[in-house]
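Me: Please walk me through this structure, one question at a time.

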Amino acid sequence: MAGIDAFGTQLLRGDGGTPEIFTAIANVTSISGPGLSRETIDVTAHDSPDGWMEFVGGLKDAGEVSADINYAPSKHDTLVADFDDDEPRNYQLVFPDSTTWSIQAILTGFEPEAPYDDKLAASLTFKVTGKPTLS
């Protein structure tokens, strides 16, 4: 199999309840992330073999998730409220094959645009905190 069609991928927002209910964010046109990265720690010493630098794995960062949406102010007002919230919220990325990334994130960017000759749109940026869960 050469690949999977991305159509149907969803970004869901948790309501914070118990049990938590996740609702798809409407009109998402593009999603990217989380952008996983890892620091390295230099452990090179005077007796490192053959003069080569040596490293061990350091702290991991789940990076960011970004999404573009066809912005509908009345459908997306909860996202503006999320921007004002200092506490992380639970989100999920659900792919067409049902693979799910569960993340906690803080909405750090909300940028609407309203060009005179195109659709109303917005770009969202979420900073992931902690370890994402893949299921």
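Reply: The structure holds 1 cavity of 30 Å³ or more. This is a predicted model, where local features need pLDDT of at least 70, side-chain atom pairs count only at pLDDT 80 or more, and totals for chains, interfaces and linings use all residues. Residues are numbered from 1 along each chain as its sequence is written, and side-chain values use heavy atoms, leaving out hydrogens and water.

Me: What volume does the largest cavity have?

Reply: A cavity is a set of points on a 1 Å grid over the protein atoms alone where a 1.4 Å probe fits but cannot get out. Points are joined across faces, edges and corners, and the volume is the space filled by probe spheres set on them. For the largest cavity that comes to about 30 Å³.

Me: Which strand gives the most to the lining of the largest cavity?

Reply: Lining residues have an atom within 4 Å of a point. Strands are DSSP runs of E, at least two residues, numbered from the N terminus. β7 (89-94) and β8 each supply at least two lining residues. The most, 3 residues, come from β8.

Me: Is alanine 105 buried or exposed?

Reply: Alanine 105 lies in strand β8 (residues 100-113) and is among the residues that line the largest cavity. Buried means under 20% relative accessible area, exposed over 50%, with a 1.4 Å probe and protein chains only. Alanine 105 has 1%, so it is buried.

Me: How far apart in space are alanine 105 and glutamate 64, C-alpha to C-alpha?

Reply: In sequence, alanine 105 and glutamate 64 are 41 residues apart. In space, C-alpha to C-alpha, the distance is 8.4 Å.

Key: Helix = DSSP H or I, 4+ residues; strand = E, 2+ residues; numbered from the N terminus. 1 Å grid on protein atoms, 1.4 Å probe; cavity = no way out; pocket = protein on both sides within 12 Å on 5 of 7 lines; lining within 4 Å.
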